[in-house]
Structures are given as C-alpha cells and as structure tokens.
Amino acid sequence: MKYDNINLEKYRKYAMRKRLFLIFLFIFTVFTALVYMGIGTMKISLAEIVKVLAGNGERKYTTAIMNIRLPRAVAAILIGAVLAASGAVMQCVLHNPLASSSTLGVSQGAAFGAALGIIVFGGGVMTNANSTAGVSVNNPYIVTICAFVFGSVSTLIVIGISQLRKNTGPAGLILAGTALSAMFSGGSTLLQYFADDTSLGAVVFWTFGNLGNAGWKDLRFIAAIALASMIYFMFNAWNYNAMDAGYDTAKSLGVNTRKLMLVSMTVCSLSAAASVSFVGIIGFVGLIAPHVVRFVTGNDHRFLIPGSAMAGSMLLLLADILAKITVPPVILPIGALMSFIGGPVFLILLFRGDKRDA
Amino acid sequence: MLEIRDVSFSYKGNGYKVLDDISFSLESGCFAAILGNNGVGKSTLLKCIDKIVRPDSGSIIADGKDVLSISGKELAKSIAYVAQDARKTDAAVFDAVLLGRKPYIKWDASEDDYAKVNDILDKLDLTEYALRSVSTLSGGEAQKVTIARALVQEPKILLLDEPTSSLDPRNQHDIMKLVRTIAKEQGILVVCVLHDLNLAIRYCDRYIFMKDGKVYASGGREVMTPEIIEEVYNMHTHITECMGVPVIVPFPEEAVEHHIHEEVR
C-alpha cells in the first residue's frame, strides 16, 4: 500500500511540473507584453509602462500606450492565442500534425475575401494615413467582412462535403482543404490580374498582416470570440484526449466523435477567420505554438490547449518585437515575418521530433 | 449478460451485408472467441456490440441495458473496447490509463479516479512504467496498458479486437492468461476476436464461428471440431493434446491431407 502512495505522489509531481510550466508561460507572456509596449520610436521604460497601466502615467506615454501599443499588444495576445489553440485542436481532431487554419484554407480564403472586398466592392480607396506603412485600406469593414466570410467558407465547405459523404475521413478533410486553398489562391491572383495599381497595392498590403489594424472596438469582438472558443476547447479537453487515442477508442469511451470533430472544426475556423480578417494573414502560429508546447505537455489537452494559447500569444508578441526592431523605424509586416521565421523553426521542430520518435 | 438478436449490418452504398442476422448470447465470466476468415465481419460485429458502428437492424442487450438506445457515456460504463491497432500515443502510461475513467469524469479526474488507476497499474505490474511514455514501451507492455485502460472503465463486458496480433509468442500467452484471469476473477464477460486457433482453444471457453456474415456455429468446447474448422476456414486440421494442452494442427496442403488420410486409415 505504501508503494502505491509513492507512485501516486510521483504522478502528482509529474502533473505539477506541467502546471508550473503553464504558470511560467503565463508570467513570461505578461513580461513579454510589458517589454513589447516599451519598444518603438518612443522608448518607454518598464516602470513607466506599469505606471500608465495603473492609471497614473505621464500624459504622452499614456496616449502612446492606450491608443497604439496596448491595443496592438492585446491584438497579438488574442490572435496568437486563438490561432494557436485552434491549431492544437485541429491537429487533434484530424489526427494530423500539419492541420492549422493556414494549412486548411482559412488564410487563403480570407485573403481571397479581402481581395474581393478591396477590388470588387470598392474597399480599396487608398489614403496616406500611416507614415510608416504608406498605404492603408479605406472603409476596412467591407474588407473585414469579406475576409471573414471567405475565411470561414473554405472550412465550412470542407465540413459540408464530409456531411454529405459520411465516410469522408480526416485525410479527406485535409485534402479538401488543400484543394480549396489552391482554388482561393488562384481566385486571388485572377482578381489581382484585373485590379488597378492602387487596389493591387492595398490587397498585397493586406496580405502582409498588420496587428495595428485592430482598434479597441474590433478587439472587444475578437476577445469575445477568443473567450467563447477557449471555453469550448477547455470543456472538451478530455474528449480531445480520448480522440487522440483513436476514433474507435474515443467512441467506446462515450465520445460522439463525429459531432466533436464537426463542431470543433467549425469553432476553429470561425474564430481563426474572425481574427485573421482584422489583421491580415498570419500563418504558422497555429503550427509552431502547439508543437513547441507538446514537447513539455505531451498530448494532454488539459495542458496543451492553454499552453498553446499562451505560447501563441508570446510568439506573436516576439515576432512583432522583431518586426519593430529589425529596420527601425520601419515596422516589417508581421504575417510575412512570421512565415519567414516560422518555416525554418518548424523544420527544426520537425526533425528534432523525428529523432525523438525513433 | 450479452444478448444479440438478429443483428445485421451493411456499409452504405453497396448493400452487401457484412453481418447477416447474427444472434447469440453469452454469460458473465466467459472468455469467448469470435473466429472466422478475414473479412467475415468479426471486427464489425465487435464494433456493433459497442455501437461504434450502428447495426441496421436487430437488438443488443448488454448488462441489462438496451445498447442501441442508451447514451455513449452510459454504454461506456458497461462495455470497454480495445481496438486492434490502438494509436501509438506519447502520453504517459498513467495518463493513458486515466483516460479509461473518462465516462465517469465530469470536469476533471477525482481522487477516486487516480486511486483506481493506481490499483490497476499495480495489478497488471505496470507500476514501474507509470510515468513513461506509452510509445517507448514494448508491444506487450503497450497492449497491457490498453487493457488496463479498458479495465479501469469498470466494465461488465470487455471487447478485444485481436489483442495478440502484433505480439511475440511469449507476450501472446501472457496477455491471454491475463485476460482469462480477469474474466474468471472479476466475472467480466470477455469477447475476443482471434485468428490463432491454438490460443482460442487453449484459453477461451466459448467459441463463435462466423462464415459469410452469419454465425456458423457457437458453443463450448464441443463446437471446436475439425469438421466445423474445415467448413469455416476451408482447411483440414487435426485436434490432439500435448501434455494436457489442446493443440490444433493445420494441414492446408491437399497432398499432405491425403497422406494423413492414408495413414489414419
């Protein structure tokens, strides 16, 4: 009996390590966010930032932080969290480590929608609102709505197909997503072919990705979506663990695998499309963040989902710091930067992962 | 305990009946083998019993419950299922077994759940592996983990789909012995799809022979005859005993078969 207790004690320590990892991630993310807000053309010290957040900072700092830097940081945190958590969930329900919103057509669909909004529905009147960016899109809501509609549509079509043909497996869903991605990429190119220079510039600029695009009003909307999807994901953490043991095993444990897969995919694609539609294409977060966190938590979704969300937030914050400090005062496009760095990082993870499995 | 009446199943689209009016019943504490050729519907039958696939018609009563009308969660408290090729999980053994408490868990695992996992690990000699990743275990140990997961579900019926198919001979016997002990000691009904007739005759006490989607024969040791085996597997066999262990010797080649017939005569 005593031996038993030692064993349980060991398991508790093991679970505690994962909890500590989450706490560490949380503290580090908050710290990164604070550092993030200090970086830019106007340097702001950590102490000053804390003062501003507490409500008694200097006026010029308060303006900079409350109007520009804090919303940008919140955008990075929310969008990083949504993309990463939905990536982790998609990888689980589809049993495919390459599943994420950017590999299942959400990004390409959103880009097509944005192109459509700018070129066809005239959301593309250019203004010189931002000195570093040079161009921005007037009447952004048409663009956002189009991006959201087409971002969600690709996954919804995929899910629709799987509903019509009941025996479509996860591999079928992935392939269908790839096919639709290709279609939307082609569609975007065709639209761009007929666009005038200014609209073309706006489309290309949108696809770069820009966290500064989301204002407080947009952020409240994104926050509501992020919160709702996180609650759904966490509520199903045990179901995802069961799914991970195989579909038949999950069914035998009482999980309605079909419903879980369809609802999860819908929640993932809608929330990812909603985030992406405000800030443009940001890929790879949904792939990299879960894979990094998995090294510590394994596939235990009780820890993997919140861990991925925080890692995603931190990843976007770090990427945007890099975007700001590489060639100041120019802020590099975060989406492009993320993919540029994300690709090699993912390769490293992939081959390290292989070695571990062998 | 388990009563199956007129269960039929066909995959949508082709209308071909994989299972055709299957009926049989089994009691608690039995270790039953489902036998038959590849593609005869053994695995499908097992999946029907646990409603992993839904039969087109028929009824299944398990542990006094109507399987086809109760919720998956309720069913999971009565029937546990071990798939043929369980996905290699990188979860720790303890977590992989804890998953078996899923039907009882509302928000998170309770102290009771942890204690039960601990007991099962102890019983199956898996304690030393508790925190190791399942993917680093040998085939035999990994199979024991999936059986532990099924047992911690506290089922009345345990369904195993070819539990020995990827194991070396020693582990095959260890697993079969373990499962038989569980059936006898805890009074659980174990239903097991098997390809190895020798394992079946040695460890199981009920046999269900399937042919062309139907039950060709079912019963105790009395149905394990060369005649029935020949009809089901299209292969001549000789059943003998070696040091008290029943042994089935196959003679698939006709030439040998004739030779044997000569000798016997």
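**Figure 1. Packing of helices α4(B) and α5(B).** In this predicted model, α4(B) and α5(B) pack with their axes 10 Å apart and at an angle of about 135 degrees. That angle makes α4(B) oblique to α5(B), because an angle counts as roughly antiparallel only when it is over 145 degrees. The crossing of the two helices α4(B) and α5(B) is right-handed. On the α4(B) side, the residues that meet the partner helix are B:K116, B:V117, B:I120 and B:L121. On the α5(B) side they are B:A148, B:L151 and B:V152. Sorted by class, the contact of α4(B) with α5(B) has six nonpolar residues, no polar residues and one charged residue.

**Figure 2. Packing of helices α5(B) and α6(B).** Helix α5 of chain B covers residues 139–152, and helix α6 of chain B covers residues 169–186. The axes of these two helices come within 10 Å and cross at roughly 15 degrees. The two helices α5(B) and α6(B) are therefore roughly parallel, since angles under 35 degrees are placed in that group. The crossing of α5(B) and α6(B) is right-handed. From α5(B), the contact is made by B:G139, B:G140, B:Q143 and B:L151. From α6(B), B:N171, B:D174, B:I175 and B:I182 take part. By class, this contact of α5(B) with α6(B) has three nonpolar, four polar and one charged residues. The residue B:L151 belongs to the contact of α5(B) with α4(B) and also to the contact of α5(B) with α6(B).

**Figure 3. Packing of helices α9(A) and α13(A).** In chain A, helix α9 (residues 237–244) and helix α13 (residues 301–325) have axes that come within 8 Å. These axes cross at roughly 110 degrees. Helix α9(A) is thus roughly perpendicular to α13(A), because that description applies to angles of 65 to 115 degrees. Residues A:A237, A:Y240 and A:N241 of α9(A) form one side of the contact, and A:H301, A:R302 and A:I305 of α13(A) form the other. The residues of the contact of α9(A) with α13(A) divide into three nonpolar, two polar and one charged.

**Figure 4. The contact between chain B and chain A.** Across this contact, 29 residues of chain B are in contact with 24 residues of chain A. Four elements of chain B each supply at least two residues of the side that touches chain A, namely α2 (72–76), β6 (79–82), α3 (93–98) and α4 (111–123). The largest share, four residues, comes from α2(B). By class, the side of chain B that touches chain A has 16 nonpolar, four polar and nine charged residues.

Figure 5. The C-alpha atoms of A:L53 and A:M66 are separated by 8.4 Å, and the two residues are 13 residues apart along the chain.

**Figure 6. Two loop residues of chain B with positive phi.** Most residues other than glycine have a negative phi. In B:K51, however, phi is near 60 degrees, a positive value in a residue other than glycine. This residue, B:K51, lies in the loop between α1 (42–49) and β4 (57–62) of chain B. B:K51 counts as buried because 23 C-beta neighbours lie inside 10 Å. Phi of B:M243 is also positive, near 50 degrees, and B:M243 is likewise a residue other than glycine. The loop that holds B:M243 runs between β11 (236–242) and β12 (245–251) of chain B. B:M243 is exposed, with 5 other C-beta atoms within 10 Å.

**Figure 7. The setting of the close-up views in each chain.** Chain A has 14 helices and two strands, whereas chain B has nine helices and 12 strands. The C-alpha atoms of chain A fill a box of roughly 75 × 55 × 35 Å along the principal axes, and the C-alpha trace of chain B spans about 65 × 40 × 35 Å along its own principal axes. Buried residues make up 51% of the 358 residues in chain A and 43% of the 265 residues of chain B.

Note on methods. Residues numbered from 1 in each chain as written. Chains lettered and ligands numbered in written order. Predicted model: local features only at pLDDT ≥ 70, side-chain atom pairs only at ≥ 80, totals over all residues. Axes fitted to C-alpha atoms, helices over the stretch in contact; angles between N-to-C directions. Left-handed = near helix turned anticlockwise from the far one by under 90°. Contact = placed C-beta atoms within 7 Å. Nonpolar A, V, L, I, M, F, W, Y, C, P; charged D, E, K, R; others polar. Buried ≥ 20, exposed ≤ 12 C-beta atoms within 10 Å, placed from the backbone.
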